[in-house]
Structure formats: structure tokens, C-alpha cells
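Student: I have a new structure to read. Where do I begin?
Tutor: Let us open it and take the strands, then the charges.

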Amino acid sequence: VSIVETRVLLRHATDPKLKTIDGYRSYGGYRTLEKAYDEMEPDTIVDTLEESGLRGRGGAGFSMGKKVSFLPHGNETKYLCCNADESEPGAFKDRELMQRNPHQLIEGIVIASYAAGISHAFIFIRGEYDRQADILDDAVAEAYEAGYLGRNILGSNHNLELTVHRGAGAYICGEETALLDALEGKRGNPRLKPPFPAVQGLYGGPTLINNVETLSNVSHIVANGADWFRSFGTEQSPGTKVVSISGRVKRPGNYEVELGVKLRDLIYGLAGGPLDGHEIKAFYPGGSSSPVLTPAELDLPYSFEAMAEAKSMLGSGSIIVADDSISIPHMALRTARFYRHESCGKCTPCREGTNWTVKMLERVVRG
Amino acid sequence: MDPFSPSDDFEMPGLPVDVANTTGRDALGEPEQIPELSDVNCPDGLRESIEASMAKYPDHKSASIPALWAVQRLYGWCTPEGITQAAAVMKVTPAYLESVASFYDLFRLEPSGEAQVLVCTNISCWMRGGDELLDAFCEAAGADRGEAGHGGALSADGKVMVSGFECLGACDLAPMVSVNERYYGPLAPEDAETVISQLKDGGEVLPEKALAARPLPGGDQESDDERVTSTKGPNQ
């Protein structure tokens with residue numbers, strides 16, 4: 001099987017100078033932001049995002065443009081939180097995007113904030129990603145220096161502060177309302193919804209929460225238009241996706257492809273297939289909380305709708321491959337132990353249920 | 001009358017949220033007080049770092065995680081004295097900060113040596129030998145394997161902490177470790193001894209296995225897709 005990646009977000013990502021503002025600009029970076037402030041109305045940008053059909057890349061796959069349009073239009077203080085907590089087992093694409101191209105994310109955050117009238121944005125990055133957080137700190141400082149952040153950006157009346165906030169190790173903080181509590185300086189317990197963050201989020205204000213990869217797409221869409229974006233991927237899953245492939249494959253790593261490519265092309269073509277002498281037994285198609293699929297489903301297209309139809313999910317786009325050396329009950333037990341460890345303990349079904357799942361699986365494994 | 005609705009003259013008890021959040025050390029005792037900065041002998045560097053964090057947020061309490069990071073970086077772990085100092089700067093009770101610290105796996109509430117090795121044992125690393133790697137690190141460091149799997153164990157000389165850990169977000173490096181907050185992998189069990197001795201000598205750890213040195217798995221092959229090459233956005 002032969003397949004090439006379609007690198008939009010990861011284009012030039014092997015060039016180490018892309019991390020710096022000069023390197024990013026040498027490839028056309030921040031020109032879209034300048035154009036947006038010069039000649040685009042915030043509402044036009046929101047419309048373009050909505051028409052593009054960009055779906056959240058963090059797990060739920062909700063329309064990004066719709067999320068923006070849910071924010072109130074008034075003058076109240078609104079916030080943006082970029083969810084960089086990436087802690088679903090199997091997911092490591094945001095790490096790659098932040099480490100190799102931090103300014104692509106910052107440009108997306110500034111444009112989205114301009115479009116939604118947001119004055120303070122945060123990047124909530126998991127504490128384990130210390131090196132990536134350092135890279136973001138440097139990039140944010142460069143962006144302030146260049147006038148892309150701060151007061152009266154590029155002579156407009158839009159002000160935007162951007163704060164990089166390091167977490168400290170808790171899976172649950174990837175859940176958006178737990179993330180808000182952690183950002184407010186509390187234990188990261190999820191909140192009851194409603195109210196939804198778009199109405200009442202950070203510090204009680206309307207809050208837009210988007211994943212790193214989602215926001216990294218924004219400047220590309222605004223520069224090239226919704227139709228350009230829709231020329232990639234499928235009707236219901238437009239665009240490209242950075243897919244993290246790991247487990248028992250020859251070449252684990254991040255690959256950027258159009259949504260809708262065959263799973264077989266991803267797992268065999270790009271990741272090299274199973275290790276020599278082994279066969280694939282099962283795989284998680286969208287991180288460790290997605291129901292596993294089997295080799296019989298390898299010819300399905302990798303899209304939000306096809307994964308949902310197969311009764312699983314695309315999630316954050318993380319494929320974990322198990323081969324014939326892996327015992328499925330052990331794999332289930334390992335996964336269940338993770339969820340037991342990471343349960344924040346607030347709600348009974350999870351606090352008690354994860355414990356019982358582990359106990360039951362331990363009995364199964366013992367025979 | 002609807003029996004589930006409160007009567008008209010019902011008033012919600014005024015919960016003093018901050019106090020409710022910050023007592024609890026002794027359920028029947030006096031609420032813990034916010035320490036005075038002049039009483040806690042807080043080093044200037046720590047105070048300045050916490051104040052700088054507080055200034056970055058609309059609500060200064062948001063700085064509790066950055067403040068705990070500052071304490072941990074200064075003292076090696078979140079010492080009770082350090083937490084009290086941070087609490088005095090932030091004007092919250094030490095119990096409040098302690099309640100936050102105890103929620104997050106990366107904050108250490110006990111002495112944890114000069115170097116920390118977190119060994120991922122989650123699904124992808126487990127499939128590639130993560131448990132065996134943790135065994136090897138415990139053996140190389142002389143750390144208790146049972147404890148290492150439940151929150152961390154110190155090496156025999158107290159210098160290195162080894163801890164099994166949940167997914168660190170680097171399944172492409174499986175099996176992998178985080179050594180002093182930098183990622184390395186894939187490692188073989190034999191590498192454990194090298195890493196431990198490099199740490200004890202104060203040397204650089206396995207530079208050729210660092211995440212920073214790792215290329216994209218697909219190499220630097222760029223797509224010649226016209227939609228990509230003709231982009232008007234970034235990454236032209």
C-alpha cells in the first residue's frame with residue numbers, strides 16, 4: 001500500500017527555524033492575521049469558519065464555527081481557552097504541533113479572538129509537556145514583541161492578552177469544565193452542564209474552548225476560504241487531520257492525512273503495519289476511550305461519520321494497534337486501571353464504576 | 001404547594017466559599033488563617049515569581065498551580081514551608097494550596113530526590129514493554145518496585161525518584177520515560193542502568209534518544225498537492 005501524507009499543518013515542520021517568528025513569517029506566517037485586521041469584519045471570519053465545516057479536533061468533533069457563534073455579541077469580557085491538555089492515552093499530535101509550529105497556533109488564537117471579540121486567551125498545556133510549554137512561552141513573547149498580542153493589535157481597537165498556563169498532571173483537566181476549574185486555581189473537578197462554557201465559563205464569563213489542532217487550522221481557513229478547506233476530506237469531515245498512530249506497528253508517529261482515507265492506508269501504508277511475524281488483532285481508532293475495532297474494519301474510511309457508524313469514534317484521531325501478542329482482557333484491564341486512577345471522584349458512576357470494572361477484569365484475567 | 005420548592009422566606013445559607021474551601025485540616029478546630037508574609041521568611045525570588053504569575057490572570061487565585069510549580073522548582077518538592085510561603089504571597093490558606101497540590105500527579109508532597117524518572121506504563125508503552133522498563137529502572141536505582149508503581153519510590157541513596165506514570169503523550173516513543181521533564185524513547189531495559197548512572201554523575205541523559213532529536217516519522221517528504229502548494233496562508 002502506498003500513500004503520501006497531505007501536510008497542511010505539518011508542512012515545513014521539519015525545519016527547526018519554523019519555531020521562531022522569523023522562520024514562521026518566511027513561510028507566509030502572520031500575513032493572514034494582518035489581512036484579517038486590515039480588511040476583514042469579525043462576523044465574516046465567523047461565517048467562513050462555520051461554512052468551512054471545521055470540526056473540533058480534540059475529541060467531540062463539534063463544529064468550531066458554531067461554537068464561536070454561540071458566544072454572546074455584547075461587550076462583556078469573553079475568554080478563549082486553548083485546550084492543550086492532550087492526555088487521552090494514544091494522543092500526541094498537539095505535542096508535535098506546538099513543538100514544531102507554535103506560531104501557527106498563536107496566529108489561529110489571535111484571529112479567533114478577534115472574530116469573537118475575546119480579550120484574554122489562555123493556552124492550558126499539560127504539565128508534562130514542559131519543553132513544549134517553554135517553546136510556547138518563547139513564541140508568545142515574540143508575538144507580543146511583534147505587536148500581534150497586547151493592546152491595540154496592529155492599530156485596531158482589539159486588545160488581547162495570551163497566557164500560557166501549565167497544568168500539573170490530571171487526565172480529567174482535558175474535560176473542558178475541569179480545565180476551567182484548574183485554570184481558576186482549583187482542583188480540576190468537572191462542572192455540571194448547563195450552563196455551557198459559551199454562556200458561563202472561565203470566571204463566569206462566556207468562554208470559547210478549542211483544541212490546539214482546531215485553532216491551528218484557523219489561519220489556513222481564513223486565508224484560503226471555506227471551499228478550499230472543504231476540498232480536503234469528506235462532506236461531513238472536511239479538512240486534514242494529524243493522526244497519532246502507536247502500539248504494535250513498525251513506524252509509530254504523527255501523520256497528517258485528509259480525513260476519509262482508509263484505515264488500512266494509515267496503519268499499513270504510513271505506519272508500516274504490524275511488527276514482523278505478527279498480525280493485527282484489534283485497534284482503538286480514537287484513543288483509549290473509543291470502542292476497539294478489528295481487522296475486518298480496516299477498509300473503512302477514517303472520518304467522524306464512518307467511525308460513528310462502526311459504533312466507535314474518531315475522537316482525537318489516535319490509533320492504538322494491538323497485535324496477536326496482546327491479550328485483550330489484559331489490554332482492557334490496563335485501560336480500566338487508567339480510568340480508575342484518573343477518576344476525579346466527583347460523580348458516583350465513574351468513581352465507583354471504574355473501581356468495579358477493574359475488579360471484574362482482574363477476576364477475568366486471573367481465570 | 002409544591003413540596004420540593006423552598007418556601008418564600010427560605011434563604012440560602014451564606015456559604016463563605018473561600019473559607020469553606022480552605023478549612024478542613026481539622027474539622028472541629030478553628031479555621032486556618034492566611035499566613036502573614038512577614039512571618040514566613042519567603043525568599044524574594046519565590047515571591048517575585050508568584051507575584052508575576054498572579055499578574056497574568058484576572059483573578060489572582062488562578063496562580064495557585066504556577067505558585068506550586070515555583071515552590072517545587074525551588075525546594076525539589078512542595079514542602080510545607082514552601083506552601084505556607086506561597087500561601088502568604090497569594091493571601092490564601094496553606095490548606096487551600098495543599099488541596100490543589102494533592103489533586104495533581106506532578107506535584108510531589110514528599111521528598112523526591114534530585115532527579116525524577118517517570119516511566120510510562122499506559123497502553124501503548126505497556127504494549128512495547130513499559131512494565132519491564134519500570135522493573136529495570138527500579139532495579140538499576142535500587143528503588144522499591146511496589147511503591148514505584150503507586151506514586152514513586154526513591155533510589156537506595158535517595159537521589160533519584162522512579163515512578164510509574166500514566167500516558168505522557170509520547171506513544172510514538174514507546175516505551176518511553178520523562179527524565180527531569182524531558183522525554184526519551186524508545187528505551188530498552190538495558191538503558192535504565194545507563195540513565196541512572198548518567199543522572200548520578202550529573203551528565204547528559206541519552207542524547208540520541210531524546211524526543212528533541214526525533215524527526216517526523218514520514219521524513220521531510222512534502223506533498224506536491226496543488227491545494228497545499230498554492231496556499232495563501234501560513235506554511236507556504
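Student: Which residue stands opposite B:Ser163 in E3(B)?
Tutor: B:Leu118 does. Keep in mind that this is a predicted model.

Student: In what sense do strand E2 of chain B and E3(B) pair, parallel or antiparallel?
Tutor: Antiparallel, over two bridges. Strand E2 of chain B covers residues 153–154. Take B:Ala153: its bridge partner in E3(B) is B:Val162. E2(B) and E3(B) form a hairpin with five residues between the strands. There, B:Gly158 has a positive phi near 75 degrees.

Student: How do I read the two sides of a strand?
Tutor: Start with the general idea. In a regular strand, side chains alternate between the two faces of the sheet. Now the case here. On one side of E3(B) are B:Val160, B:Val162 and B:Gly164. On the other are B:Met161, B:Ser163 and B:Phe165.

Student: Are the faces of E3(B) covered or uncovered?
Tutor: Both are covered. Strand E3 of chain B spans residues 160–165, and six of its six residues are buried.

Student: Now chain A. Why is strand E2 of chain A described as largely enclosed?
Tutor: Count its residues. Six of the six residues of strand E2 (residues 120–125) of chain A are buried, so the rest of the structure largely encloses it. The cut-off for buried is under 20% relative accessible area. A:His120, A:Phe122 and A:Phe124 point one way. A:Ala121, A:Ile123 and A:Ile125 point the other way.

Student: Which strands pair with E2(A)?
Tutor: Strand E1 (residues 79–84) of chain A pairs with E2(A) in the parallel sense, over six bridges. Here A:Ala84 stands opposite A:Ile125. Strand E3 (residues 161–166) of chain A also pairs with E2(A) in the parallel sense, over six bridges. On that side, look for A:Ile123: its bridge partner in E3(A) is A:Val164.

Student: On to charges. How do I read a salt bridge?
Tutor: The idea is simple. Side chains of opposite charge can pair when their charged atoms come close. In this structure there are 35 salt bridges over all chains.

Student: Where do the partners A:Asp299 and A:Arg264 lie in the chain?
Tutor: In distant parts of it, 35 residues apart. A:Asp299 sits in the loop between strand E7 (280–284) and helix H12 (304–309) of chain A. A:Arg264 is in helix H11 (residues 263–270) of chain A. Their side chains meet in a salt bridge at 2.9 Å, N to O. A:Asp299 is partly exposed at 42% relative accessibility. A:Arg264 is partly exposed too, with a relative accessible area of 28%.

Student: How many residues apart are B:Arg47 and B:Asp44?
Tutor: Three, about one turn of the helix. Both lie in helix H3 (residues 44–54) of chain B. B:Arg47 has a relative accessible area of 22%, so it counts as partly exposed. Elsewhere in chain B, B:Asp225 forms a salt bridge with B:Arg227, with the closest N and O atoms 2.6 Å apart.

Student: Which residues are linked in a network of salt bridges?
Tutor: From chain A, A:Asp130, A:Asp134, A:Asp137 and A:Arg166. From chain B, B:Arg73, B:Glu181 and B:Arg182.

Student: Which residues form the negative surface patch?
Tutor: A:Glu41, A:Asp43, A:Asp47, A:Glu50, A:Glu51 and A:Asp227. Helix H3 (residues 42–52) of chain A gives the largest share, four residues. A:Asp43 is in that helix. At 44% relative accessibility, A:Asp43 is partly exposed.

Student: And which helix gives the most to the positive patch?
Tutor: Helix H14 (residues 348–366) of chain A, with three residues. The patch gathers A:Arg340, A:Lys359, A:Arg363 and A:Arg366 on the surface. A:Arg340 lies in helix H13 (residues 328–342) of chain A. A:Arg340 is partly exposed, with 35% relative accessible area.

How values were computed:
Residues are numbered from 1 along each chain as its sequence is written. Chains are lettered from A and ligands numbered from 1 in the order in which they are written. This is a predicted model: local features need pLDDT of at least 70, side-chain atom pairs count only at pLDDT 80 or more; totals for chains, interfaces and linings use all residues. Side-chain values use heavy atoms; hydrogens and water are left out. Patches are made of residues with over 30% relative accessible area and no salt bridge: like charges are joined within 9 Å, nonpolar side chains (Val, Leu, Ile, Met, Phe, Trp, Tyr) within 5 Å. Accessible areas come from the Shrake-Rupley method with a 1.4 Å probe; for residues, only the protein chains shown count as cover. A salt bridge is a side-chain nitrogen of Lys or Arg within 4 Å of a carboxyl oxygen of Asp or Glu. Lys and Arg count as positive and Asp and Glu as negative; His and the chain ends are not counted. The place of a charge is taken as NZ of Lys, CZ of Arg, CG of Asp or CD of Glu. Buried means under 20% relative accessible area, exposed over 50%, partly exposed in between (1.4 Å probe, protein chains only). Two strands pair if DSSP finds at least two bridges between them.
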